Amino acid sequence: MKFYFQSGYRLPAFILKLLLVMKLTLILLVTAFLQISHAGYGQTITYKGNDVSMEKFFQVIQSQTSFKVLYAEEMLAGIGNTSFNLKAAEVEEALNVCFKNKPLTYTINNNVIVIKLKPALAFTQGSVQQPVTITGKITDMQNVPLPGVNVTLVGSAIGTSSDTYGNYQIRLPGNSGRLRFSSIGFITTEIAATAGTTVIDVRLKEEPRDLTEVIVVGYGTQRKGDITSSIASVKSENFVKGSVTDAAQLVRGKVAGLAVATTDGNPTSTSQINLRGITTLLSGTSPLVLIDGVPGTLTTVAPEDIESIDVLKDGSAAAIYGTRGTNGVILITTKKAKANTPPGIELNTYFTTQRITKKLEFLNADEYRQLVAQNRPGATDYGFNTNWLDQVTHTPFSQVYNMSLKGATENTNYVVNLNYRRLQGIMKQSDNDVLYPRIEVNHAMFDGKLKLNANISGFQQRYYAGAASTNTFTGTYNPTVYRTALIYNPTDRPKDDNGNYIEHPDKTDYQNPVSLLENTIGLTKNNNFRTIGTITYLPVKDLNIKLLGSRDLNNGNTGYYETKKHYSTVHDGRNGFAYVSNTRTQEDLLELTATYNKTIKDHQINLLGGYSWRQFDVQNSYMTNFDFPTDDFTYNNIAAGLALSRGQATIRSLRTQNKLISYFSRLNYSYMDKYLLSASIRREGSTKFGANNKYGNFPAVSVGWNIKNEDFLKESNSLSNLKLRAGYGITGTEPAMPYQSLDRLNFDTYGYFNGQFIQVVNPANNANPDLRWERKSEVNIGLDYGFLKNRISGTVDVYRRKTTDLLFAYPVAVPPYLYNTIVANAASMRNEGIEVQINAIPVTTTDFQWNTSVNYSTNRNKLLTLSDENFQLASGFFDVGNTGEPIQQATSRVQIGQPLGNFYGFKSVDIDATGHWIIEGADGNPKPIANQQASDKKIIGNGIPKHYLSWNNTFTYKQFDLNISMRGAFGFQIFNSPQLFYSAPVMLTRGNLLKGSYDNIYDKVPLADDQSLQYVSYYIQKGDFWKIDNITLGYNLPLKLKAVKSIRVYASASNLKTFTSYKGIDPEVSILTSDNSSNIMAPGVDDKNRYPATSTYTLGAFFTF
Amino acid sequence: MRIKIYSLAVVLFLATLITACKNDLEEVVYSDVTSSNYNYDNPNSAIGVVYTNTRDLFGHQNYYMLQETTSDELVMPANASGWDDGGIYKHMHLHTFNSEDPQLNNMFNRLYAGVINANRIIEQIESGVIAPPSGVSKESLTGEIRVARAFYYWLICDNFGNAPLVTNTADKSLPSTSSRKDIYNFVVTEITAALPSLSENRDKSMYGRFNKWAAKALLANVYLNAQVYSGETKWAECLAQCNDIIGKYSLESNYPDIFKAQNENSPEIIFAVPFDQTLAQGFFVEMYSWHGALKGKKNMQATPWGSGSAMAVSQFVDTYSPNDERLGDSWLIGPQFAVDGSPLLGSYDQAGKPINFTKDLPDGLFTGESEGYRMNKFEVQLNAMQNLNNDFPFFRYEQVLMMKAECLLRTGDAGQAAALVSEVRTRAFKKTPGEAPVTAAALQQNSVYKFGYVEKYKIVDAGDQSTIQYGRFLDELGYEFAWEGFRRRDDIRFGVYTKKSWLSHKPMGDGKILFPIPQPALNSNPNLKQNPGY
């Protein structure tokens, strides 16, 4: 069933559904909400026609007046054509003429004409049978009541619609008949009412998505059919079900080209996301995330409070955002109140528990003792049996509650959402407690000419701080706990007979993990407060002026204390160490946009102009102190320590500020819904650049051709959609940190003059006054298709993106530079790829439906250049990543002509009789590792997956539904660093080893006890995997309650099973660099300290009141 | 009409709004200072960084241990507590250094940071940005910084040989390699040119800085090794510089006092690198030489790393006379006790047993936790933190006397040389003064060092046994200057470095006299040439 404004504005399904039953006065609000222009009255119609279809008649009205006509296609079935001859007729007159003898009626408000079926009056004439009244309840497949569903008796004009609770009542002239249930966004269903039936309950299936879907685009919305660039939209009903911790996990595997990796089970971790390969170096891979139009992060709102997520993938779509659009743009829309609904409450709650998916198998005490018996260097038997991992892990139990209250009257609607999550991690003490409140109110006044929106949200978060960190919003779990639990001697024990913790401070990097956990007291508290206000003013016809102001305020506070039993006292004599930090960030945004819409016959024009001002301000301070008189103060009385007075404590504070100013405009043009054009430009300035390079221009243009709308395809039944798109756009990137162009000084060094130490002036950085915008240009060609009434649909996109003037902290020569890196623009890089999405409904019957979708993407990356006139990285490469202590080598090389993510090291080919590596030398001949030279290193793998594939399935059978999500990544290698570090006999001096550490290498001999750790290709392993990511089984309780509209219960399992040949614990490793700090060019490292990946099991229920 | 008025009002309001926003894009700094808005009103503060750069040279992965562990004096073997670090310390002992060993890059970057800061400061003094303090001429202040720059270039010349020679900050083009001889000539020219303008003060105002005498000590050291750098000997020139200094400083009567924690008033120190446990960190030799259990020896706040590593090559210790008090003053020997007198215990191969530092090493690659004599030269105070307070005596009066003795010895005046060495030895043989004097003939004899390749505590391959000219004099340098960062240079000058075997070390060829240019430097500057043989 299609239902739309003929002017071409297809409305969101939920709004249209309501339109059917809502009082007409509300239309004002709705049309205003959709930014449709108003017009005066009194236009007339002149037209003469015979046997004109109703559709044609409506088109005539719209082309000659500014009235819009709103109707359901199904209503016109069987209505027949009409003939008329109108001369300067008023609209009402014209309608009256044409509806004569038709079962149609209409209402007009402002300039919207809503067509309705005539009420079933006087249709009982000639009936011999007794009339019967049929009642029932109409719900969707999740048992949520559907208001406003049309119920008609087939073959008659008798009809009604369901009320707010989905109940309907229809009076049939005879005792039987065939009822038709239709509603926007649902498949029209007919059910026969046989004699004697008085109750018919119906569950309507959702219709496959089609062109009427409304997509959120930059600064507005667009019908899917009008879109000319690559945009993916995921609505809440298609989100990943079960336990999710951030917005990205909701759409994992749902969007071709968007890789979402969850590399560990830490409850404070957020997903890593990467769209269309690594396009920029310095700013990470994170796309710009906007929540209701205001920048934020993936955790700014609770996942359960999200209505839809739209991903602007290509440059032509993202260019309207200029800066930061390079990695794509993720537009998050929070849940909104549906117009004119009485207050309703939804409650979503679930509980989860987790287990470590796969453990690293270390030697147990008995196996370790065999090494002691063999007199292996470093092996010591303390005489006990301890499973250290068990000591620091537990079975977590997490709870999530989401309650939302929504309501709407004619001019005002509101949403109150409260989300509370109490998450526990598998590592003891790792937790995350967040409360997300949000209140949004919309109000329209002055006949809808002025609209106000207020949106107040934020979060209050607290979690265990197991590590002192100079940044808040980080530093939660201390990786040392996990690492030392792995490597701690299994014959040792946590405490001696007197209850004192046992430490071995003379061993390197070796701390009692139980003591570390129990003697570290820490708490991080983050508070976020977002206030967003919007004023929309519609001064004249077709013009919409919108002013948006927002402030995003974060306050973070960490307190951290190491007791007198902590390693820091045993090892460093700290005698109690405290740390306190405070961070405040404030991001202010002011945006003014004006939109102008005009339809002239077959031409539709939409113009956007705007101005944006953003300022980001950071203040933080932290201090340390130690040597406390008692542990009782913990971190709450930092002045009580003595180290401060001895000049040994640290106190720091900083403040930075930066600003972005931009002007932008866009034109959307559509001719006959066939030929589409979009062109935009953004001029953006950033404080972070050199004086002459502040501003950059970011233009975009894209075109579309709705081939299906051409006459030769219009009648095709098998083809339901075919659109060709092509776009080109430029986006920009600014440096992550401000002040890189300035020659800054620091004073943290002391020189000895005249018998005392004084502060000396020390340059802080290599300044780069020529710093300028990084630019990414992208060509995207796409095809949208749909067959068999969109039972099969999807998209294919091909893109090529080129980034130039890549910003990065490039290594530079010392001399002439003082420091060996400088933030500069030098490299250029290319990414090209293909994305394919196929959605299908292979089976659909009354009771059973199977929806399936497959996403595939592939990306190829190549570094084109590494130098420009300012920076001569003439060697053509630089090395990045770090193996970590005690080997200190780069893991990866960035090299011209090569993709990013190349592992670079010695290629191990053999092992000699004494257990020492044999590598392939520069000349291709084997040589002992002891004779290594830098020139012997080779490319030994690549850590970035070349192919991503995901497959999502939804099965519904009566009240049951089953979701199965699977996904995989292919064509990449992983640096198995746990194996390198923990299976080398030389590391026995540092602690326990993995089982199999003395197994033969290359089927010859084990590694020698004195073979130094070496970063060789033996540890670079194939990473391909296929994961059963999520299985969720849901059941909708059949209810006949007044108070509770619906209840759905579900059970879910995440990260259930992985098929891989990778030998480490989880092949889903970081797609960023392992230490997450410096850069993104060393992906694919299985960090030996990484918080273990977990499988999650969830039980949940969803109530609607 | 009303609509028009409203619209006008709205447009005006919005226009005001936009203009009210601060639309300029100048960066505003809050917790930073930029060079353009900083006033260099304190000259000491302005030039200080040239000296503070030297502190970073003293870590275990930098200049200091490169001078010691490549020589026949010290070794940093692995042990049960670790200390392998990918084999980077082994590379030094075995002379298998490669361009990726991080110590080399650390040293390279530190030395050039000194050079580049000096270049900038010289330019700032000349342009008037930095004004000299009252009573000091511009020429004198410039001269001091030029000598400091020459000091860094001397170390570059000594360690890397062929390297970039950069003397200004404006030119950001990539420098190419200058020859070792060119850098040597630059060093000599610069110091010579600056000498007349330098301060002759020897009080605390010039402590830790290049006054005329420190500059002369530097120049003497450069001349002393001139043959290695340029192929020409400069004994007479070296002697002249030494003679100028003699009489200006004096010897400490008590040898350990030179190296004590508060040694800044020592009359023997000519040029020091000042350290402080909190304000001027960077000297922590106990952390990498001492066993972790020795925390208890001084009730230290820090725990030395693992079982410690930097230790004496046993063959080196064997050269000492048992009566030489410098043996015990330089090396930590035998059983170790806590402050309260209880024995300190081992954790690995000596787990639970008292630690007893023994001289003999099985080889230079992997040792037991209490094998090898450790550092005892620099005083570790009670309650010491990781970083020590001891200033490092880079040039001291004794060293000037020994340079003079060497010049005399090499120019045929062995008698006077012997007199000088005997004078020095007096301080070391207070209990057995009869052993102090050495004869001219003795100094011209071969070294008493038992060179040879060691396996399982025994020399299994003596290797090159040819006579070392003035070998006995080299031995004297060893006794006096152990742990002072001179041994590599002395071994090279006396021909030991690339000819002899000791512990697990075997000669690896003359190419090893120069370290390779670090790989990151080569990678970032293709104009540089790697040293021959790497």
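## A cavity in chain A

By class, the lining of the second largest cavity comprises 16 nonpolar, nine polar and three charged residues; Ala, Val, Leu, Ile, Met, Phe, Trp, Tyr, Cys and Pro count as nonpolar, Asp, Glu, Lys and Arg as charged, and the others, Gly among them, as polar. This is a predicted model, in which local features need pLDDT of at least 70 and side-chain atom pairs count only at pLDDT 80 or more, while totals for chains, interfaces and linings use all residues. Residues are numbered from 1 along each chain as its sequence is written, chains are lettered from A in the order in which they are written, and side-chain values use heavy atoms, with hydrogens and water left out.

The structure holds 16 cavities of 30 Å³ or more. A cavity is a set of points on a 1 Å grid over the protein atoms alone where a 1.4 Å probe fits but cannot get out, and its lining residues have an atom within 4 Å of a point. Of its 28 lining residues, A:Ala259, A:Val260, A:Tyr948, A:Arg967 and A:Gly968 lie nearest the centre. Strands E17 (258-261), E41 (848-865), E49 (947-957) and E50 (960-970) of chain A each give two or more residues to this lining, and E17(A) gives the most, with four. Strands (E, at least two residues) and helices (H or I, at least four) are DSSP runs numbered from the N terminus.

## Helix H9 of chain B

The 13 residues of helix H9 (residues 212-224) of chain B should span 18 Å at 1.5 Å a residue, and the end C-alpha atoms are 18 Å apart, which agrees. The expected span is 1.5 Å times one less than the number of residues. In H9(B), 13 of 13 residues are buried, that is, under 20% relative accessible area with a 1.4 Å probe and protein chains only, where over 50% is exposed and values in between are partly exposed. At the start of H9(B), a side-chain oxygen of B:Asn211 comes within 3.1 Å of the backbone nitrogen of B:Trp213.

## Aromatic pairs

Over all chains there are 80 aromatic pairs, in which ring centres of Phe, Tyr or Trp (its six-membered ring) lie within 6.5 Å; planes under 30 degrees apart are stacked, over 60 edge-to-face and the rest tilted. B:Trp83 and B:Trp305 have ring centres 6.4 Å apart and planes at 40°, so this pair is tilted. B:Trp83 is buried at 7% relative accessibility, whereas B:Trp305 is partly exposed at 24%.

B:Phe271 and B:Phe394 form an edge-to-face pair, 6.5 Å centre to centre with 65° between the planes. Both residues are buried.

Terms used
Polar contact = N/O pair within 3.5 Å; in protein donor to acceptor, adjacent residues only side chain to side chain. 1 Å grid on protein atoms, 1.4 Å probe; cavity = no way out; pocket = protein on both sides within 12 Å on 5 of 7 lines; lining within 4 Å. Points joined across faces, edges and corners; volume = space filled by probe spheres on them.
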